[in-house]
Amino acid sequence: MGSTKLILLLFCLLLVISTSAATQKKISREPCKTLVVYFHDILYNGQNAENATSAIVAAPAWGKKTILAEPTHFGDIIVFDDPITLDNNLHSTPVGRAQGLYLYDGKHTFNTWFGFSFTFNSTGHKGSITLAGADPFLEKTRDIPVIGGTGDFFMARGIATFMTDAFEGEVYFRVRVNISLYECW
């Protein structure tokens, strides 16, 4: 057998081996872990510093840092440190914190972009789940990508489905979050 034929045979063999190895990893359509939590956001309005869990840290030239910019809040950037609970009661014992930022990026419609982590500190879960993505919050449900995690959620990947559970003007909102992880370690 010539060296060219041997090289071609080895190449074909490697191709078959690598193809079969790549197809052995199964992609599940069922989540490997699910979790439902609520996070509660109380925006600082100039008078509620004691209870506020979020604050406007940047506003457009026509805006203020205690009132969201009109008409769609475009340009406002809010940082937050919100309690996470397992039910929709703001006064329930928190199991962690939702910490990060959201910004209003829709000039002609209400739309936000989130970048944050759920940091758990309860006996049920330790670690964090990191999320980032668009939140067109006028839609009934919105999917935000889970892009990573630590501790019990090490390198997690999945989807967090947001549903606004309560909304009281521009000061308070509560979001129910169904977290479905499809890549668990």
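The questions and answers below concern a predicted model.

Reader: Which strand gives the most residues to the lining of the largest pocket?

Author: The largest pocket holds about 330 Å³ of space. Of its 21 lining residues, Tyr102, Tyr104, Phe137, Phe167 and Phe173 are the closest to the centre. Two or more lining residues come from each of strand 4 (96-104), strand 5 (112-121), strand 8 (157-168) and strand 9 (172-183). The element that gives the most, with 3 residues, is strand 9.

Reader: How many residues in the lining of the largest pocket are nonpolar?

Author: Sorted by class, the lining has 4 polar and 4 charged residues. The count of nonpolar residues in the lining is 13.

Reader: Is Asp135 buried or exposed?

Author: Asp135 lies in strand 6 (residues 126-135). Its relative accessibility is 3%, and the cut-off for buried is under 20%, so Asp135 counts as buried.

Reader: With which side chain does the side chain of Asp135 make a polar contact?

Author: Leaving aside residues up to four places away in sequence, Asp135 touches Asn111, Thr112, Phe114, Arg142, Ile144 and Phe162. A polar contact of 2.6 Å joins the side chain of Asp135 to that of Arg142.

Reader: Where in the chain are the two cysteines of the disulfide, and how many residues apart are they?

Author: A search of the whole structure finds 1 disulfide, formed by Cys32 and Cys184 with their sulfur atoms 2.0 Å apart. The link is right-handed, with 80° about the S-S bond. Cys32 sits in the loop between helix 1 (3-23) and strand 1 (33-42), and Cys184 in the segment after strand 9. The pair thus links distant parts of the chain, and the separation is 152 residues.

Reader: Why does Cys184 count as partly exposed?

Author: The partly exposed class runs between the buried cut-off of under 20% and the exposed cut-off of over 50%. Cys32, its disulfide partner, falls in this class at 43%. Cys184 counts as partly exposed because its relative accessibility is 35%.

Reader: Which peptide bond is cis, with omega near 0°?

Author: The proline concerned, Pro71, is in the loop between strand 2 (54-58) and strand 3 (77-85). The cis bond runs from Glu70 to Pro71.

Reader: What is the phi of His73, and what is that of Met155?

Author: His73 is found in the loop between strand 2 and strand 3 and is buried, at 4% relative accessible area. Met155 is in the loop between strand 7 (141-149) and strand 8 and is partly exposed, at 32%. Neither residue is a glycine, yet phi is positive in each. For His73 phi is about 70°, and for Met155 about 55°.

Key. Residues are numbered from 1 along each chain as its sequence is written. Side-chain values use heavy atoms; hydrogens and water are left out. On a 1 Å grid over the protein atoms alone, a cavity is a set of points where a 1.4 Å probe fits but cannot get out, and a pocket is an open set with protein on both sides within 12 Å along at least five of seven lines; lining residues have an atom within 4 Å of a point. Grid points are joined across faces, edges and corners, and a volume is the space filled by probe spheres set on the points. Helices (H or I, at least four residues) and strands (E, at least two) are DSSP runs, numbered from the N terminus. Ala, Val, Leu, Ile, Met, Phe, Trp, Tyr, Cys and Pro count as nonpolar, Asp, Glu, Lys and Arg as charged, and the others, Gly among them, as polar. Buried means under 20% relative accessible area, exposed over 50%, partly exposed in between (1.4 Å probe, protein chains only). A polar contact is a pair of N or O atoms within 3.5 Å; within protein, one must be able to donate a hydrogen and the other to accept it, and residues adjacent in sequence count only if both atoms are side-chain atoms. Contact means heavy atoms within 4.5 Å. A disulfide is a pair of cysteine sulfur atoms within 2.5 Å.
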